[in-house]
Each structure stands twice: as C-alpha cells, then as structure tokens.
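Please open the model in your viewer and keep the selection panel at hand.

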Amino acid sequence: TAAEVRTARLPTMPPPALLRTPGRMGAAGVLTRHSPAAAEVVRRLKDRHALARARVHPIQVLLALRTYAQGHGDRGKLSWTPVREVIEALDHAFDRAFATVEPTGRRVLVAVDVSGSMQGTRCAGSPILTAHQAAAAMAMVFLRSEPNAQVIAFDTEVHRPDLSPNLRLDRVEQALSQWSGGTDLALPMQYALQQEMLVDAFVMITDNETWAGQQHPVKALAEYRRRINPRAKAVVLATAANGGSVVPDDDALSLGAAGFDAAVPQLVAEFLRG
C-alpha cells in the first residue's frame with residue numbers, strides 16, 4: 001500500500017528530508033498515533049548521531065516543529081492531526097541540534113530588537129515564526145554555540161536580559177518580552193563604544209530597517225570602527241523586508257539580510273568566519 005511504501009522509506013531518509021515529512025505523512029493519513037510511521041519518525045528524530053552527521057541546524061528543527069504542531073501548512077493546503085509523540089521528539093531534537101553548531105570563535109555582540117512590533121510581525125520566508133520568536137531562537141544559537149558571544153536587547157534603550165545557555169526557548173522568549181519601545185538600531189554600536197567592548201561583529205535582529213534616535217546606525221558603526229576596531233563586522237537580520245537598508249551598501253564588512261529561514265544562520269556564520 002502507499003502507507004507501507006512511505007513508511008518503508010523512513011529508515012533511509014536523510015534527516016533534512018525527514019524534517020519535511022511529518023506534515024505530509026499526516027495529511028496522507030499515514031502518520032497517526034500508534035502507527036508504524038509515527039514510531040519510525042520518533043526513532044529517527046531521537047538518533048542524535050544521525051542528526052549530528054547531517055549537521056541539522058536547530059533553526060531547521062524549530063521550523064519543522066512549529067509547522068507540524070500547528071496542524072497545517074503555511075498556506076493551509078495540507079492539514080493533519082499532530083501526534084504528541086512526534087511533537088515531543090521534534091522538541092528534543094531541537095535541543096540536541098545545538099551540539100552540531102560549529103562555533104565561529106568570534107567576539108559577537110548579539111542585539112535583539114524588543115520593540116512592540118516584534119511580537120506581531122511574521123517572518124518573511126518563515127511565517128510560522130514571529131520576528132520575536134526568530135530573534136529569541138537566534139539568540140539561543142549564539143548563547144549555546146559561541147563562548148565569546150554576549151546578548152543585549154534594545155528598543156530606544158539598551159537592556160541586559162537575564163539569559164544563560166541552558167535556558168529553553170520559551171524562557172528566552174519570555175526574558176525578551178519585558179520591553180516594547182521604539183527601534184534605535186544605532187544603540188548596539190553606541191553601547192559597545194561606551195563600554196569600550198572589543199567586538200569582532202555586531203549581529204542585530206530586527207523586524208524592519210527603521211531607526212529612531214540621534215545617530216544613524218551607519219555613522220555609529222563608523223565611529224565604533226574608528227575608535228575601537230576598524231575590522232568590526234555588522235550583520236542586520238531584518239526578518240521582515242521593506243525598502244531601505246541600515247548597512248553600508250559598499251561595505252565588505254557588513255551584511256544585510258531581508259527575511260528569515262533555515263539558511264540564514266549558516267549564512268551569518270560563514271560571513272563571520274570570513
């Protein structure tokens with residue numbers, strides 16, 4: 001039968017393909033509670049060695065988890081009844097996948113936009129996540145994989161959230177939900193300058209490219225480079241695309257990304273490594 005054929009393919013399916021499978025198999029009526037397919041999907045998701053060999057990134061797992069748990073695809077064409085054991089296996093795989101992230105070794109200041117709009121804005125490319133959820137997940141990636149990373153939050157002020165590498169995602173989201181002001185993207189560079197922090201790279205995660213404050217981010221970055229580190233890189237992850245950019249167009253040390261999906265973390269890591 002078609003169900004048997006789909007289930008038979010699971011043991012040899014590459015992990016990235018496996019993460020795309022649960023929803024489709026659920027919609028086809030194959031992945032149901034106590035089914036052979038559910039047991040095999042759970043077994044594969046618990047295989048940490050297979051996930052490590054495939055270098056599955058936590059963000060890949062998170063997107064798969066949130067999509068499967070909602071019971072329908074992004075455009076609503078497919079729907080299914082989520083199986084609790086599969087959701088739990090995806091949740092555990094998300095935590096285990098952090099061990100596969102290769103650190104860059106750079107001194108990174110991760111600055112998370114905590115303005116009010118972050119809670120409601122959906123990510124371009126991955127609408128299953130809000131900008132706030134994507135930012136929290138990226139903060140987790142740096143906290144767990146980079147020994148020299150620091151995370152701050154900003155709206156129209158800089159905030160120091162109480163974060164540690166062992167926190168789960170829901171706790172990180174909660175810690176970053178305390179503020180809801182405007183957006184001043186110059187603040188991370190100004191803060192590093194005031195603290196005389198030696199930073200190899202600024203990674204700013206925001207839902208748009210607007211700014212408020214007394215200094216444009218490009219000028220703040222230029223001042224930091226002039227006074228502290230002339231080779232400091234800047235990454236602006238704009239989870240929602242709009243017109244304009246706050247990174248210099250002709251600057252090889254700056255990267256601007258519009259939208260958010262599973263490819264973004266690797267792109268950022270490669271840029272930071274140079």
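Axes here are lines fitted to C-alpha atoms, for helices over the stretch in contact, and angles run from 0 to 180 degrees between N-to-C directions. Helices (H or I, at least four residues) are DSSP runs, numbered from the N terminus. This is a predicted model, in which local features need pLDDT of at least 70, side-chain atom pairs count only at pLDDT 80 or more, and totals for chains, interfaces and linings use all residues. Residues are numbered from 1 along each chain as its sequence is written, and side-chain values use heavy atoms, with hydrogens and water left out.

Select residues 187-194, which form helix 10, together with residues 217-227, which form helix 11; their axes come within 8 Å and cross at roughly 25 degrees. Helix 10 and helix 11 are therefore roughly parallel (an angle under 35 degrees). Now show the side chains: Met189, Gln190, Ala192 and Leu193 of helix 10 are in contact (heavy atoms within 4.5 Å) with Pro217, Ala220, Leu221, Glu223, Tyr224 and Arg227 of helix 11.

Next, select helix 6 (residues 58-70) and helix 7 (residues 84-97), whose axes come within 8 Å and cross at roughly 165 degrees. That crossing angle makes helix 6 roughly antiparallel (an angle over 145 degrees) to helix 7. On helix 6, display Pro58, Val61, Leu62, Ala64, Leu65, Tyr68 and Ala69, and on helix 7 the residues they meet, namely Val86, Ile87, Leu90, Asp91, Ala93, Phe94 and Ala97.

How values were computed
Helix = DSSP H or I, 4+ residues; strand = E, 2+ residues; numbered from the N terminus. Parallel < 35°, antiparallel > 145°, perpendicular 65-115°, else oblique.
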